Amino acid sequence: MRRICLLLSVATLLAVSGGCARPASADEVKSTLPRDVLAALPGDDLARLVAGNTEFACELYRQVRQGDENLFFSPYSISLALAMTYAGAEGQTAEQMASALHFYLPADSLHSAFNYLDQQLASRGSTASGKEGEGFRLNVVNAIWGEKEHKFLDGYLDTLARNYGAGLRVLDFKSAPEPSRGTINQWVEQQTEGRIKDLIPKDAINPLTRLVLTNAVYFNAAWASQFEKNTTAPGVFQGLNGAELTVPMMQQTAYFGYLKGSGFEAVELPYDGYELSMVILMPDKGQLDAFETEVDAELLQQTFADLQRTRIALTMPKFKLETSFGLNSALKALGMDAAFDPQEADFSGMDGLRDLFITDAIHKAFVDVDESGTEAAAATAIVMNTTSMPAEPIQVVVDRPFLFLIRDGQTGTVLFLGRVVNPA
C-alpha cells in the first residue's frame, strides 16, 4: 500500500520570533465534544503517569547526551506530543510506543491523566512574577493541522478534543505545502512568545503530508530569592577534561532545599510562588559520566523527597543554552521501531487506514538563567510521512559540570531536563 505523509509538530516551552511569508489561512473543524474538566483522577493514575514520564525523561537523556556538549530539552513536551500520536496507534505500534514511553495506564486513563495534569499545571503562578518584572507564565497549548481532503476518524478527533483541547485546523498540504508550513510555524511563534523560529524546516511538509500535531509550552518565572546583579562576578568553572572556564558567577546566601547524596550534591531553587523549582544535581568532581548512567526516576524521586531546607551560600553560573537534535535514533533505541517503519506502522486509529508512519522527529530547546529567574522553551516536530540566628551556611559552588531540571512541586512533573558542561 502506498504510504502517505503525516507530520506531527510539537512546540514546547519556548520563546522566539520569525516571520513566515504568506502563510495559508486555516479553518478549524472541532469535535462536538468539549474538553473534559476533571476535579480528580481515580486511584494513583496521576502518580503512575508522572513516574512513567520521568522514567522516559531519564532514558531519553541518556540516549541524546553527547560527551562534551550542553543539553537542554523538554521531556514533558515530547511525552505530550507522542501521547497525542499514541491515541491513533494500534497493535504492535501502540504496544511499542507504550513500552518506550512508559505509558503504564490503559489508553483512556492515560489521556485523562494527561488532561488532568495539564489542567493542574495551568493553575500555577496565579500570584507569581516572571523574569524582569513580567508576569509568571506557564502556557501549554495544542493544535492539530490536517489536510483538507483527508478524512480522520471522529473517535480520534474526540479523544484529542476531550483530553488535549485540540481542534482540527484544515490546510491544503497537497497544493500549498509551503504556505501551510508558514501557517503552522507562525502559530508556534505566537504561542511561544517568539522563542522558536521556523520550527518545521523547509520541505518537511510536502504534498503527502496529512496531519501535523502541535504542542506549545512557554515558561517564564522569577526566582523566589533573586540574585543581586552587582554580586555577579567572573569565576572559574571546571569544565570537562580539566579545562578551566571563566564565566559570570551569580552569588547569594539564602535558604534552599539541599541534599548531600552519594556522589553528588543537590540544590533546589524555588520560583516565585513556590510551586515550581529548579533542581541542580552536581556530581562529584570527575564523576559526570558515572552519575549520568545512574540517574533514573527512582533516584530523582528520592532526591526530591530528601531535600532539606538549609542555609546555603550559593555560587552558580549564569547561562543561556540553545540545543537541537533528532529523536529518531533515540526513540528507535528505546523500542519504537514499528512507528518508523512504513510496512509495520499502524496508526489506523487516526484515519481507519494503515497509511501513516513517522519519518522524522526533531527537538529544539532554549533556556536563559540569570539573576532574576528563568525563561525556558522547547519545540518538537514529529514528521510522519503520510529561614532564628542563621547557622553557618553550607558553601555550594556550582563550578563543574552539572545536571539541572525544572519541576512542578505538587505533581513532581519534570518539565525540562538538561546539563551544563560549558556555561560560556
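Predicted model: local features only at pLDDT ≥ 70, side-chain atom pairs only at ≥ 80, totals over all residues.
Residues are numbered from 1 along each chain as its sequence is written, and side-chain values use heavy atoms, with hydrogens and water left out.

Because 12 of the 12 residues of E6 (residues 211-222) are buried, this strand is largely enclosed by the rest of the structure. Helices (H or I, at least four residues) and strands (E, at least two) are DSSP runs numbered from the N terminus, and two strands pair if DSSP finds at least two bridges between them. Strand E4 (residues 137-147) runs antiparallel to E6 and is joined to it by 10 bridges, with Val 140 standing opposite Val 217 of E6. Strand E14 (residues 373-385) is also antiparallel to E6, through five bridges, and Ala 376 in E14 is the bridge partner of Phe 219.

Across the whole structure, 20 salt bridges are found, a salt bridge being a side-chain nitrogen of Lys or Arg within 4 Å of a carboxyl oxygen of Asp or Glu. In one of them, the closest N and O atoms of Arg 65 and Glu 292 are 2.5 Å apart. Arg 65 lies in the loop between helix H1 (45-64) and strand E3 (71-73), and Glu 292 in helix H7 (residues 288-294), so the pair ties together parts that are 227 residues apart in sequence. Arg 65 is partly exposed, with a relative accessible area of 23%, whereas Glu 292 is buried at 0%. Both residues belong to a network of salt bridges that also links Asp 289 and Arg 419.

A salt bridge also joins the side chains of Glu 193 and Arg 137 (2.8 Å, N to O). Since Glu 193 lies in the loop between helix H6 (177-191) and E6, and Arg 137 in strand E4, this pair ties together parts that are 56 residues apart in sequence. Glu 193 is partly exposed, with a relative accessible area of 40%, while Arg 137 counts as buried at 14% relative accessibility.

Definitions and conventions:
Buried < 20%, exposed > 50% of the residue type's maximum accessible area, 1.4 Å probe, protein only.
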